[in-house]
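Please read the following report alongside the sequence and the model.

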Number of protein chains: 2
Amino acid sequence: MVVHGLSDDDADRIFHALADRTRRDIVTRVLDAEQSVSDLAERYSMSFAAVQKHVAVLERAGLVRKVRRGREQIVHAGLDVIHQAKSLLESYEHLWRHRVARIDALLAENDTTRGD
Amino acid sequence: MVVHGLSDDDADRIFHALADRTRRDIVTRVLDAEQSVSDLAERYSMSFAAVQKHVAVLERAGLVRKVRRGREQIVHAGLDVIHQAKSLLESYEHLWRHRVARIDALLAENDTTRGD
DNA sequence: CCCATGTACAACCATCGAGTTGTACGTTAC
DNA sequence: GTAACGTACAACTCGATGGTTGTACATGGG
């Protein structure tokens, strides 16, 4: 039944990771082009270690992956997880639609039963 | 250009609100059927005040709205905001597609310029 | 009117999260 | 080999968060 395939823990990690503008910005940057951690760090007015931590949070959520290339660590986007998160929100919208449908059915039934 | 229409602050609040399983559960419940705050509070093994706080976090994010009915406060879903959040993630996927398209174009150009 | 109900809010506590600095380690270039 | 680069990680500070309890207030029913 769960189309998005996310556990509560998964969703916790994903939404928590997305709940920070720096991390969202990192996601957009690596979606646009893979970059090393230091490439990313240069862009923000905070320490390298801070950016490193942000990447780690994103990585734990599966939103990015790191791959060694020489002495650099290349960060690229975890598109599948982004898609899963989107699917979760989509399932919320579907929940709503089903509810509306149920109410419609109820009203229709009332109409027929009242039917005088 | 920003189709989802969310500021950084909006997105911070929305994703932070969604980053808690109790709050996500509340969202699904009120999507299924509007409920009073005490209706909701009965469902969880935590104090009324705690649930009240969770609802407040969701409300600040626009994910739910509260409407007085008698002495009860009825919680119902903020469908529009859920949709906006979904759109933001969708825009991430689009970013990816554009990048892929750009790379494809680059490769194609290389093919023609090399052209033997 | 009075009491139970439903809510609001403040104060408090423990934990977590974001940031810092400092140190250590592997890799590349010279 | 050694110096510079890129990264990893620990220790620390401090504010935010999730939970609690207690009190106050408005509303509806008998």
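How many nonpolar, polar and charged residues does the surface near DNA strand C have? By class, this surface has six nonpolar, eight polar and eight charged residues, where Ala, Val, Leu, Ile, Met, Phe, Trp, Tyr, Cys and Pro count as nonpolar, Asp, Glu, Lys and Arg as charged, and the others, Gly among them, as polar.

## Basis of the report

This is a predicted model, in which local features need pLDDT of at least 70 and side-chain atom pairs count only at pLDDT 80 or more, whereas totals for chains, interfaces and linings use all residues. Residues are numbered from 1 along each chain as its sequence is written, chains are lettered from A and ligands numbered from 1 in the order in which they are written, and side-chain values use heavy atoms, with hydrogens and water left out.

## The surface near DNA strand C

DNA strand C is surrounded by 22 residues, the closest being A:Arg23, A:Lys53, A:His54, B:Ser38 and B:Gln73; a residue is near a strand if one of its heavy atoms lies within 4 Å of it. Of the atoms of DNA strand C within 4 Å of the protein, 63% belong to sugar or phosphate, and the rest to bases. At least two residues each are supplied by α4 (48-60) of chain A and by α3 (37-43), α4 (48-60), β2 (64-69) and β3 (72-77) of chain B, the helices (H or I, at least four residues) and strands (E, at least two) being DSSP runs numbered from the N terminus.

Polar contacts are pairs of N or O atoms within 3.5 Å; within protein, one atom must be able to donate a hydrogen and the other to accept it, and residues adjacent in sequence count only if both atoms are side-chain atoms. For A:Arg71, a side-chain N or O atom is 3.4 Å from a base oxygen of DNA strand C.

## The surface near DNA strand D

DNA strand D is likewise surrounded by 22 residues, with A:Ser38, A:Gln73, B:Ser47, B:Lys53 and B:His54 the closest. Sugar and phosphate make up 60% of the atoms of DNA strand D that come within 4 Å of the protein.

The side chain of B:Ser47 places a polar atom 2.8 Å from a phosphate oxygen of DNA strand D, while a polar side-chain atom of B:Lys53 lies 2.2 Å from a base oxygen of DNA strand D.

## Helix α4 of chain B

The buried residues of α4(B) are B:Val51, B:His54, B:Val55, B:Val57 and B:Leu58, where buried means under 20% relative accessible area, exposed over 50% and partly exposed in between (1.4 Å probe, protein chains only). Seen down the helix axis, these buried residues fall within an arc of 155 degrees, so they line one face of α4(B); the arc is that of the directions from the axis to the C-beta atoms. On the other side of α4(B), B:Lys53 and B:Arg60 are exposed.

## B:Gln35 in strand β1

B:Gln35 is found in strand β1 (residues 35-36) of chain B and, at 11% relative accessibility, counts as buried. Its side chain reaches the backbone oxygen of B:Ala33 at 3.4 Å.
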